[in-house]
Amino acid sequence: MSSVLPPARRVWWKEPVEKIELVWIGLAFIWALILFFMMPYWHVFGKQNLSNEAYRISPQQFQAKTQAMVDQYTVRTETEQSVPVVHPPAGSDIYLIARLWSWWPILELEKGQSYRLHLSAMDYQHGFSLQPENVNLQLVPGYEMVVTVTPNKTGPFAVVCNEYCGIGHHQMVSRMYVTDGPAPSPAPATEDREE
Amino acid sequence: MAIAQTFRTDPRTGLQYDLQGEALIKANAVAGVVFLLIGGILALLVSLTRWPAVHLLNAEWFYLTLTAHGIDMLIFWIIFFEIAILYFCSSTLLRCRLAAPRWGWIAFGLMVIGAIMTNVMIFQGESSVMMTSYVPMQAKPGFYLGLILFAVGALIGAFIFLGTLVIAKAEKTYEGSIPLVTFGALTACIIAVFTIASGAIILIPTFLWSIGYIEHMDPLMYRVIWWGMGHSSQQINVAAHIAVWYAVGAIVFGAKPMSEKVSRLAFLLYILFLQLASAHHLLSDPGLSSEWKILNASYFMYFAVLASMVHGLTVPGSMEVAQRRKGFTKGLYEWLRKAPWGNPVFSSIFLSIIGFGFLGGISGVMMGTEQLNMLIHNTLYVPGHFHATVVIGTTLAFMGLTYFLIPSLFSREVAFPTLAKWQPYLFGLGMYVFVLTMMGAGTLGVPRRHWDIGFAGTALPYEFPGAAYLMLALVGLSAVLAVVGGGIYILVTVWSIFLGKKLESGARSNRTTILRMPVAEAVEGYGGGVGVLEAKGTFTLAMVFLAAFVLYYFINWKYLSEVWGLS
């Protein structure tokens, strides 16, 4: 037994280090530097970064902003609960509410266009999980996160809650649509988008 | 204090136990195993519920069980056992009396009361808040109070460890510096003090909030400070189980560190940088800047990852050198082929090292990368990762140590030796499959802490790919295997301790014998720059590890580059 005994030499810190260890430490250190620099590198050259934009906001304020978007850009409703499907203009600010236990409203976006997506939780913490893209963000009540999203594929996507939020957590699932162009069945407000 | 000190010298290992310290080591280890048993039963219920074809519990019980499983395993089982390890690494390894044994019993009492209180609160319902108990979701006040009492007990235990180091130094029971294993335990202890302080800063106000004394808890502030405890407590485990790795290397092979300096510096890096890793949990949160995330989540340039990679080389490396000294020198791996694979002390540790590095380490760095975190945050990948670190890394290492402690500490023969021989493989390999399939399901987007990924009864359900269901079935199957393995561990341990054949417990004396530096060995000893690549096999294994690491890391960047643009 030796690792359980005091070091064999009293002045152990002056012993030279094994060569194999030095080589490995060197390699591991270089790798650690690469790991580190990949993150700033991706901020400059990558297209998938989380924005640093966030605000304190009350649930009421966030609700009001979302309601304004829904009033202006709803194109249809879905499900028995008549959840509005909103097709906002490209480049605009869009809002998604997470609350016990639903997402509101359903957003319909256009492929290749960018939107400023505002996310917030009304009550408990929730998790925004976009499937099958598998992009996952944490939503914290009292905070509004703003992420610029640019969908690069069309289709129906699911929004799943992946932060445990109580007994109805597993029922908190909704949709997000990405279409190839502007809303096919224009409802009141698509005046700034013409085919 | 006029307590007569009595010591016992274990005839099999020569270790010297302070009888009062010994009783405390036993009590804490046994309490740990009791919570492992409870946590293990809960683990079975949780994984059989997540197996879609079985879906055992209803939603309410599932969330309740999952909360209790997390807390019983991650906090109670592991910390009770760690307190036992702290006492062992101080009083036993340094051959001195344990400081303030009466305080040790007070600490133990507080921990037991706290652990029972929190469990009672959870099982009464209305406290299914998960281990993280994110505000503003609220548990009953007793839930937080139990955790606080437990933490106070653990803190007293940490100070008893430190006090024992002072006694050993003052009474000159050892020569030179403390052994590497004790140094590792000291690292764990220092991190524990930091961890418990963070826990107090967040849990005490949360408790006051739960009784209505404080009106508002900011949920983001809660997350930041809670993870100062939540992640750091896992770093106690890392330091503790790596100390156990070194200890087992010494016990089984007579191995000593390749270089004292390197191994100790690596432990020191943990103290300096591991706590920053708490930021990993906040990478997809609003309101924290990228600069803050990158600096912290990289453990400040990945110095702690570097430290783990160093231990990953030096622990098996020291075993290899010791084996080669014994004549197992053929090729790269004769030393490993001829290792005592039938000895559960060794096999547990080897499976622990490989699983911790390849499964826990690589996945941890991947998910701890600022942007890559978005691919896995809150998916089943996360528990996949930490079951690799905490179950394969920590629990399996502690199991291996137990097989050594049964004869040495409890003076009993290990019962059911054949079962004990196969136990690490059943448990360890079961967990390997469990972890891999959990991470697989997470990669497919399956959320963690989720009762029904079929979304039955919802208006707009999402259908996860069939592969996700297959993965979850494998998670359930492998969990059954691992639980059987864990059950065998508990059977062997409990049977041996209470009903096993008694062994000669050794001479008693009220004097200590001094722990001397191994002078004779030092003459022909290695360490100190032999200058040849003596641990060739380990080095090759390390290169395989690095290649897997690099490959997996960049594959994930490739995945990330294909998702929606985000900025």
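Student: In which helix of chain B does B:Thr418 lie?

Tutor: B:Thr418 lies in α14, residues 417-443 of chain B. Helices are DSSP runs of H or I with at least four residues, strands are E runs of at least two, and both are numbered from the N terminus. This is a predicted model, where local features need pLDDT of at least 70, side-chain atom pairs count only at pLDDT 80 or more, and totals for chains, interfaces and linings use all residues. Residues are numbered from 1 along each chain as written, and chains are lettered from A and ligands numbered from 1 in written order.

Student: Why is B:Thr418 called exposed?

Tutor: Count the C-beta atoms. B:Thr418 has 8 others within 10 Å.

Student: What makes chain B as compact as a globular protein of its length?

Tutor: Chain B has 17 helices and four strands. Its radius of gyration is 23 Å, close to the 24 Å from the globule rule for 567 residues, so the chain counts as that compact. The radius is taken over C-alpha atoms, and the rule is 2.2 Å times the number of residues to the power 0.38. The C-alpha trace spans about 75 × 55 × 45 Å along its principal axes. Buried residues make up 60% of the chain.

Student: Why is chain A called more spread out than a compact globule?

Tutor: Chain A has two helices and twelve strands. Its radius of gyration is 25 Å, well over the 16 Å that the rule gives for 195 residues, so chain A is more spread out. Its C-alpha atoms fill a box of roughly 85 × 40 × 30 Å. Of its residues, 50% count as buried.

Student: How do you know which strands are at the edges of the seven-stranded sheet in chain A?

Tutor: Follow the order β2-β3-β6-β12-β11-β8-β9, an open sheet with mixed pairing. Strands β2 (74-78) and β9 (135-139) each pair on one side only, and these are the edges. Pairing needs at least two DSSP bridges. Strand β8 (residues 126-131) has five bridges to β9(A), running antiparallel. In that pair, A:His126 stands opposite A:Leu139.

Student: What joins strand β10 of chain A to chain B?

Tutor: Two bridges link β10 (residues 143-150) of chain A to β4 (residues 565-566) of chain B, antiparallel. Two is enough to call them paired, given the cut-off of at least two. One partner couple is A:Thr150 and B:Gly565.

Student: How many residues of each chain are in contact with the other?

Tutor: 97 residues of chain B are in contact with 80 of chain A. Contact means C-beta atoms, placed from the backbone, within 7 Å. Helix α9 (residues 299-325) gives the largest share of the chain B side, nine residues.

Student: Which residues touch the most other members of the largest nonpolar core?

Tutor: B:Ala243 and B:Ala304, in a core of 259 residues. Such a core is a set of buried Ala, Val, Leu, Ile, Met, Phe, Trp, Tyr and Cys residues joined through C-beta atoms within 7 Å. Helix α2 (residues 59-92) of chain B supplies the largest share, 22 residues. Beyond its neighbours within four places in sequence, B:Ala243 contacts B:Cys89, B:Val181, B:Gly184, B:Ala185 and B:Ala188.

Notes: A residue is buried if 20 or more other C-beta atoms lie within 10 Å of its own, exposed if 12 or fewer, and partly exposed in between; C-beta atoms are placed from the backbone. Two residues are in contact if their C-beta atoms, placed from the backbone, lie within 7 Å.
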